[in-house]
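Here's a quick briefing to get you started. Have a look at the sequence and the 3D view, then read on.

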Amino acid sequence: MRALIIDDERLARKELAKLLEEHPSIEIVGEAVNADEAYQMINDLNPDLLFLDIQMPDKTGFQLLEMLDSVPLVVFTTAYDEFALKAFEVNALDYLLKPIQAERLAETVAKLAERERARSAGTREGEKKLGLKDQVFVKDGDRCWFVSLSNVRMFESDGNYIKVYFDNNRPMIHKSLNALDEKLDERAFFRASRKHIVNLSWVEGIEPWFNGGLMVKLRGGDKVEVSRRQAAKFKDMMSL
Amino acid sequence: MVGKQRLYWALQAGGWLLYALLQVGTSLAANGTISAKRTLFLLGDALLCLCVTHAYRYVLNRRKWLYLAMPRLIPAVLASVVVMGVMLYFLRLPLSMALGFFEGSVAFDVEQILVGTAFYSLIFFLWSVFYFTYHYFERYSKSLKYEASVIEIELNNLRSQLNPHFIFNALNSIRALVDENPAKSKQAINQLSNILRKSLTSDKKGLTKFDDELKIVKDYLGLESIRFEERLKTEFHIHPDSHNFLVPPLMIQTLVENGIKHGISKLKEGGLIQLTTTVEKGCLNIRIRNSGHMVNGTRKSRNGLGIKNTVQRLRLIYGDRSSFRIANENNNFVLTEIIIPPNNAYESINH
């Protein structure tokens, strides 16, 4: 796995790199000293994994993640930040407390290998668009999630924000639906109307609707109207 | 409680015995001699007084007169001493009858009654004054003790606690330093252990020597320099008379740490921490200048707590003799300023 270390302290980066020497499965492709530098390096190097310090000057680790469209696997490294870590839904989180212990790091690396296997089952090579295997980072107030796009039923635009529907949550992210639409893989996500993007793998039923439109029923009970303009395209996509 | 009961009875018995002996002494001085019956009568008289005052104490405790305010207490005491005076005058009659020197014409003479009653009332009044004064002072010292313990508890709660974030980051840097620069890593371990020791023991002492605090601040900044490397610059301008002063332990360290946490560590390029002390009008002036900019209102509660604790600590230790200020000096620097009064100003509180 190709990893990027992001920490503002030289000694902290050095120590982690030294510990990672024990794990040949992890290749360090770069080190960044702040969020802006990291953002650049993520776009250039496209790493599979980030070792990310939360407290950094200017922008925090969370702010960096919010800047990213697709988020690689993330392992937080922090000295003591119970508040920040509590913000996470447990399933999505892995973190290392500094000073990092070799055994703890070994556990994390093992877990990462497993996750990576699951993720790379789908082809990601040479593909820039966001597919079902990708995950996004969502922060709403004090709560944070790493959400796999396969779990997102739909996106709904709400002013300058987008509501992300997954499980029982619908946090908001500060993005426009058009910008998001361009980044999503059109084979997995469909722009149903000005207001909605639906995940095609969640579609359960389709009914004819007024004015030549369609009403799409998603697993879980949400219903989304497909505008007339998009209905023909939608029929094309759903039929063989 | 048992000790108090014993004290009460010792004072009652001793006091009234002294009263009887004084009466005997006065008789002897006046007549040159005193009969056994007369002596017995005076002892009996004292015993009656003891019984009456004991009953009086019982009543006033039942009615919680000790907690009455003066305007209500004084009339109550005056009325009861008069009643007790009259009571004693008439209780004495059977005693004199039994001893055989009762004379009806004298005993029931109005003038005799008035003089006798007034005399006993005065005695009982003095008894009351003694009793209430004793309890007043006892309660006063108790409340002082209580207040002192409350202040101590509060100060313990407010005492500067080391930020765990700092400790673990320091340990992390030290671990990396072990390979890179073993000598420097040993020094860093010493610095960290100095700070840990200080924070573990400082709550037991109210104040610490300025020089000791300065050493801790230097150790602290030494450790942070390992972490921040070229991003942290430090400067000290210490007035030579500063070492005469005592300061609350870890207070300057906390404020310096505050400057790093909210100033330097937020800046990509880092910045400067400058500690300056001067002595003006007998007071120690401590100024901490750090790179950064304070945005009012948006600072998070954890930081606000550090400042609030410092302000409260200063107030508890020095009253209004110290002062504290934190403000943006300009766009690039935040200035924290504390004024510490001379040592004698608070010795009375701490010792």
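His239(B) is partly exposed in this predicted model, because 17 other C-beta atoms lie within 10 Å, and a residue needs 20 or more to be buried and 12 or fewer to be exposed. You'll find His239(B) in the loop between strand 2 (232-237) and strand 3 (246-247) of chain B.

**Around His239(B)**
- Leu284(B) sits 45 residues away from His239(B) along the chain, and their C-alpha atoms are 9.2 Å apart.

**Chain B overall**
- Chain B has eleven helices and seven strands.
- Of its 351 residues, 26% are buried.
- Taking contacts in chain B between residues at least 6 apart in sequence, 75% link residues at least 24 apart.

**Nonpolar cores**
- The largest nonpolar core holds 88 residues, and those with the most contacts inside it include Leu4(A), Phe51(A) and Val256(B).
- Helix 8 (residues 210-228) of chain B gives this core its largest share, eight residues.
- Beyond four places in sequence, the contacts of Val256(B) include Val217(B), Tyr220(B) and Leu221(B), along with Ile288(B).
- There's also a second, separate core of 13 residues, with Tyr56(B) and Phe124(B) among them.

**Confidence in chain A**
- Chain A has an average pLDDT of 87, and 90% of the residues score at least 70.
- Within chain A, strand 2 (residues 27-32) has the highest confidence, at a mean of 96, while helix 4 (residues 82-86) has the lowest, at 66.

How values were computed
Residues numbered from 1 in each chain as written. Chains lettered and ligands numbered in written order. Predicted model: local features only at pLDDT ≥ 70, side-chain atom pairs only at ≥ 80, totals over all residues. Helix = DSSP H or I, 4+ residues; strand = E, 2+ residues; numbered from the N terminus. Contact = placed C-beta atoms within 7 Å. pLDDT = per-residue confidence, 0-100. Core = buried A, V, L, I, M, F, W, Y, C linked by C-beta atoms within 7 Å.
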